[in-house]
Each structure stands twice: as C-alpha cells, then as structure tokens.
Amino acid sequence: MTDREPPRQAPSRDSMAGGTPSERDWLRVNSYLHANRHGLAVRAATAYPQASRIADTPLLAAPRWRLPAPIPLDRVRLEFRPSAPPPELPDLAELAPHALPGRANGGRYRRYSDVIAALAAPAVFENRPTYRLVDADLASADDPRLAFGRGRFFDGVDTGGPAGFEYAAAELGLTEGTAYRAAFADPTDLRRRSSAMATSALTLRYDRAAGTASFPTHYRDPALVGHAGGMYQVIPVGIFQPSGEAPWNEANDFSLWRGLLREYAEELLGADEDYGSEDAPIDYASWPLAKAMTDGLADGSVRAWCLGLGADPLTFALDLLAAVVIDAPLYDELFGGLVESNAEGRVIRPRPFDPPSVTELLSGAPLQAAAEALLTLALAHRDALLA
C-alpha cells in the first residue's frame, strides 16, 4: 500500500467474539493499526515540522542526529551510563485510558504490553534486556557518539505502542484528540520516553568489476512481529541489546558491530537467537561468520557506514541508519544461501541498487519510515558508499 491508497478497514466489532466491550474496541483499533500502518505513519508525520523530517520522508530527526555524509560505523563512540535516570513518562491511564481496556474481572490492564500479551501477542514477545538510548550526538565532527543506559524491551512497547494505538483510535473516531501523543511534544526528546534503539542496516552486495550493487529486503509478517508488521524493511534490523540475561553479556555485546553480526546470522541465514550466552559470553573472535565479516572490515572487503538516526512518527521507535557494503565474492560465500524466510517474515531476493529500482521501491511498497529514509539517503550518497 502507498499513501495514495485508501485505508483498509479493520474487522467490525461484530466479527470479534469474546472479551469485554472495551477489549473488543481495543482489538478493532489494533487490527486497523496493523492493516494501515504505513498510511498512519505518513499521516502522523504531517503533525511535525517539515524541517524535522529526514530527506522529505516520514522519519523524524533532531539536528544532532543528522549527518551531511555517511561516516564509518566504527567512528561512532558508545558510552554506557548504567545510572542514567528513568524517563519522565506521561500517565497513559489518565491520558489514553482506551489503550488499557477493562478485563472481565472488573479490573483494567496496567500496562500496554499486558494488553498485547493477552489479546494480540506475536510469535515472539519477551521482555528482554536492551541498551536504552539516553543521548545522541552524531553531528559532532570530532566525536560522534551514542550514550545508553539499561532498559527492557517492554519499556518501549509500553511507551511508543500506545502512541500509535491512540492515533489509530482517533482516526476511527473512538477517541477525541491524541492527548497522550501530545504529552511527548517532541518524539526526539530522549528525556521524555524509554528508548530502545534498533539498527537498520542496508546490505549492499557490491560487484567491483561491474560497478553494480544489489540489496535484499524483508517483509515483516504481522503474525510474527510486534512492531511494523505488514511492512517492508531493509535487512538486517535488530534492537540493540545484549544477547541474554547473564551479566557478562552487557559488556561483551555492547558494540553496534557485534549486534549487527547476530542479526546477519538470524535474518539472512535463519540462525537461532540462542547463542549459549547464558552459560558463557559469545566468542566473536572464533565464530566463523563474525570472524569473516570482521576480517572483511580490516581488509576493505566489508565497509560499514552510519547515515544518521531517526524516530518513527507513529510509534516513536528509534532506528540507527546504517549501510554495510560487502564485496560480491565474500557476500556470495557468506550469504549465497540466503534464506527465503526467518523468524520475523519473508526475505526478498536482492534487487539492483540504482535510481530506477530504488525509486520504484520507494513509491510502490509500504516501507517502514526508517527504510524509506535510509534508502533515500543511501541513494543520494551511492558513490561515497561504493567508493
């Protein structure tokens, strides 16, 4: 679906059996949200100044999150601030009570994640540890950096999920206004919300001899994922988080590159998310995929770039925009057996990375806002990325 197409209607309340009246209303809004995710994000972006949008796409960015040109990913310095104070969250129950429906026992759900778990849980829905983004300054020429505290996956679900839900409920006429969204004011203000960050990586297979490149994409199955289901994304994409609960993982996995390596294994090769890291830290130096990719960084057959940071206008989800260029021989050796599907959806075979193909994708597919911004920026900087 593109923003020019009319919204698809969610199932009527009569088609949803069981539950309390407010739970059925919640399910109606949730169905509408998933069926119209792309159009809702496009319309939500219009509530913010044009200048806050990246490359005229829906993705929002603070001035300090923008880059005039791609920079090597390893130039982004990471800070860990375990004592960072929690965000100043608005009161969801007061501002958007329809997001927390009543239960059959007369009580109400306490958290938005509780509602999802009870009424619409995707295949994987676990409250795993995350690195919570608390500060970001990529625009500093001398010291681009990201700072993180401790967080949990449901922190973001309980914050940005209701923001998208409320917007959809308002479109359906089930609530007046969007008081909860308004309480955040600026979605790029990291003091106002709990902010797990995903890394969205455009993977480019580069044929040096022909001077051509191609890239796979990913369809996110709404039955399998809790965020951006029914939309297309670059691949891989993953929340920046430790690989497990064991305390040693927090330090061992605190690396953008190591996080991406795990996503490459899971999303392009279909590997399991269990790395045995509850028993011992991941040995990235001896893991064949990690070693081959990291050796590629050293010899130039792999180049990893950062292109900026943005917030989704509908759910406020944060994405670091990255591009990883892999020379064709190494790409074919590592990812020639690209899977057709993974735990989050369907993998789309590589398409040319050139203006006609990228433009067609941008105009004809329901892309997640981060993917739209990343592809637009990457195409504008194509020569630099492939140099």
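Let me start with helix H2, which gives the most to the lining of the second largest cavity, with 4 residues. A word on terms. Helices (H or I, at least four residues) and strands (E, at least two) are DSSP runs, numbered from the N terminus. A cavity, on a 1 Å grid over the protein atoms alone, is a set of points where a 1.4 Å probe fits but cannot get out; lining residues have an atom within 4 Å of a point.

Now the ground rules. This is a predicted model, where local features need pLDDT of at least 70, side-chain atom pairs count only at pLDDT 80 or more, and totals for chains, interfaces and linings use all residues. Residues are numbered from 1 along each chain as its sequence is written, and side-chain values use heavy atoms, with hydrogens and water left out.

Back to that second largest cavity. It holds about 30 Å³ of space. Volume here is the space filled by probe spheres set on the points, with grid points joined across faces, edges and corners. The lining is Arg37, His38, Ala41, Val42, Pro58, Met231, Leu367, Gln368, Ala369 and Glu372. Two elements give two or more residues to that lining: helix H2 (37-45) and helix H12 (369-380). By type, the lining divides into 6 nonpolar, 2 polar and 2 charged. Nonpolar covers Ala, Val, Leu, Ile, Met, Phe, Trp, Tyr, Cys and Pro; charged covers Asp, Glu, Lys and Arg; the others, Gly among them, are polar.

Stay with H12. Its 12 residues reach 17 Å from first C-alpha to last, close to the 16 Å expected at 1.5 Å a residue. That expected span is 1.5 Å times one less than the number of residues. H12 is mostly covered, with 9 of its 12 residues buried. Buried means under 20% relative accessible area, exposed over 50%, partly exposed in between (1.4 Å probe, protein chains only). Among the buried residues of H12 are Ala369 and Glu372. Both also line the second largest cavity.

Next, the largest cavity. How many cavities of 30 Å³ or more are there? The count is 2. The largest has a volume of about 60 Å³. Strand E8 (237-239) and helix H8 (256-268) are the elements that give two or more residues to its lining. H8 gives the most, with 5 residues. The lining of this largest cavity splits into 4 nonpolar, 4 polar and 2 charged.

A cis peptide bond joins Ile235 and Pro236, with omega about 5 degrees. Pro236 sits in the loop between strand E7 (232-234) and E8. Most residues other than glycine have a negative phi, and most peptide bonds are trans.

Asp56 has a positive phi of about 60 degrees although it is not a glycine. Asp56 is in the loop between H2 and strand E1 (66-72). It is exposed, at 56% relative accessible area. Ala185 also has a positive phi, near 60 degrees. Ala185 lies in the loop between helix H6 (179-184) and strand E5 (197-207), and is exposed at 57%.

Asp327, in strand E10 (residues 318-327), is buried, with a relative accessible area of 10%. Beyond its neighbours within four places in sequence, Asp327 is in contact (heavy atoms within 4.5 Å) with Tyr206, Arg208, Gly300, Ser301 and Arg303.

Last, the whole chain. It has 13 helices and 12 strands. Buried residues make up 55% of the 387 residues.

Technical notes. 1 Å grid on protein atoms, 1.4 Å probe; cavity = no way out; pocket = protein on both sides within 12 Å on 5 of 7 lines; lining within 4 Å.
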